[in-house]
Amino acid sequence: MTELAAAKAALRMQAVETPSWAYGNSGTRFKVFAQQGVPRTPQEKLDDAAKVHEFTGVAPTVALHIPWDRVDDYPALAEHAEQRGVRLGAVNSNTFQDDDYRLGSICHPEASVRRKAVDHLLECVDIMDATGSTDLKLWFADGTNYPGQDDIRSRQDRLAEGLAEVCGRLGDGQRMLLEYKLFEPAFYTTDVPDWGTAYAHCLKLGPKAQVVVDTGHHAPGTNIEFIVATLLREGKLGGFDFNSRFYADDDLMVGAADPFQLFRIMYEVVRGGGLCDGVAFMLDQCHNIEAKIPAVIRSVMNVQEATAKALLVDTDALAAAQRAGDVLEANAVLMDAYDTDVRPLLREVREEMGLDPEPLAAYRRSGWAERIVAERVGGQQAGWGA
């Protein structure tokens with residue numbers, strides 16, 4: 001198989017999970033601007049996600065967030081997804097919106113609050129069982145604002161204890177994906193602030209626990225592709241939350257702020273076998289001023305473009321330059337791939353998949369945006385206020 005044929009095959013099999021919350025009214029911490037036609041139910045979120053998959057061909061699963069997507073009948077929700085041509089993906093927990101979690105959730109100093117948080121995580125595993133999901137994704141807002149507020153080491157002990165109970169509940173083929181975040185909303189200490197902390201806990205928990213890298217959760221200047229390469233090398237990279245950031249966790253379309261960084265990350269994914277090694281690629285974005293479905297489609301396309309460029313790196317030439325210590329040539333090999341216009345290649349791949357070569361244009365012609373504005377009148381729109 002030629003290099004080009006291999007790249008096209010990899011692009012056809014790529015899968016990017018979209019999040020249910022990207023389709024609802026969501027955005028910044030200061031104001032959420034409501035839009036017309038926004039879903040009112042989890043089923044309508046799935047309907048919108050199905051449109052993204054219909055026009056891109058590489059977004060076959062939809063992540064749920066509990067309790068935002070709580071329903072009475074989860075098998076029926078899974079069936080609704082399948083009828084629309086998609087499947088339910090990762091189940092995301094929420095231990096950051098209840099008043100009880102003011103001082104933390106799974107790390108809270110009170111045992112009763114920790115019990116509540118762990119019970120919620122166990123509920124999420126029950127939902128995984130009911131929907132066929134394989135991934136439980138955890139992010140904790142736990143931390144402290146002031147020195148002396150709580151004992152740092154004890155909070156790590158509580159975290160380890162809670163994670164171990166939840167991990168022990170996972171069934172065959174299920175895994176726990178632990179996310180980290182540098183700061184926010186805790187300002188002095190965050191209980192899972194970086195990839196090293198997440199990795200340390202996952203290492204002790206065993207093979208069912210892996211680390212999630214959110215591209216917006218790092219200090220300025222952090223070399224994210226180094227983290228990706230290291231976690232892949234250790235077999236502990238479970239997935240990505242793709243977004244883009246200028247300052248912090250900005251939840252913008254992936255690749256919007258620094259497409260070169262996205263390319264560098266995807267090169268390490270390709271280099272480490274992550275495209276075919278169970279790494280979950282998910283968008284984690286809350287679109288506030290832009291139209292939601294087109295923004296998700298554009299994000300999926302951005303991931304595709306970065307992946308295509310990564311697949312076109314001349315690895316033989318790169319390895320030869322590296323062995324020779326030719327610094328400039330090695331860099332030039334990478335830059336040649338990055339500078340390649342891969343849009344014609346992706347249009348060709350889509351046509352071979354029976355898709356319109358221009359997903360955004362096809363979506364706009366479909367009339368779906370006008371239809372949902374007309375039909376989704378009344379009821380309460382999904383999302384949260386700010």
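Modeller: Happy to! Let me start with Glu305, which counts as buried because its relative accessibility is 19% (buried is under 20% relative accessible area, exposed over 50%, partly exposed in between, with a 1.4 Å probe and protein chains only). The model is predicted, so local features need pLDDT of at least 70 and side-chain atom pairs 80 or more, while totals for chains, interfaces and linings use all residues. Numbering runs from 1 along each chain as its sequence is written, and side-chain values use heavy atoms, without hydrogens or water.

The partner of Glu305 is Arg298: their side chains form a salt bridge with 2.9 Å from N to O (a side-chain nitrogen of Lys or Arg within 4 Å of a carboxyl oxygen of Asp or Glu). Arg298, at 23% relative accessibility, is partly exposed.

Across the whole structure, a search finds 30 salt bridges. One of them joins Asp241 and Lys137, whose closest N and O atoms are 3.1 Å apart. Asp241 belongs to strand S9 (residues 237-242) and Lys137 to strand S4, so this pair ties together parts that are 104 residues apart in sequence. (Helices, H or I of at least four residues, and strands, E of at least two, are DSSP runs numbered from the N terminus.) Asp241 is buried, with a relative accessibility of 0%, and Lys137 is buried as well, at 5%.

Asp249 and Lys181 also meet in a salt bridge, at 3.1 Å from N to O. This pair, too, links distant parts of the chain, 68 residues apart: Asp249 sits in the loop between S9 and helix H8 (259-271), and Lys181 in the loop between strand S6 (175-179) and strand S7 (189-190). Relative accessibility is 11% for Asp249, which makes this residue buried, and Lys181 is buried at 5%.

Beyond these pairs, Lys8, Arg12, Glu348 and Glu352 are linked in a network of salt bridges.
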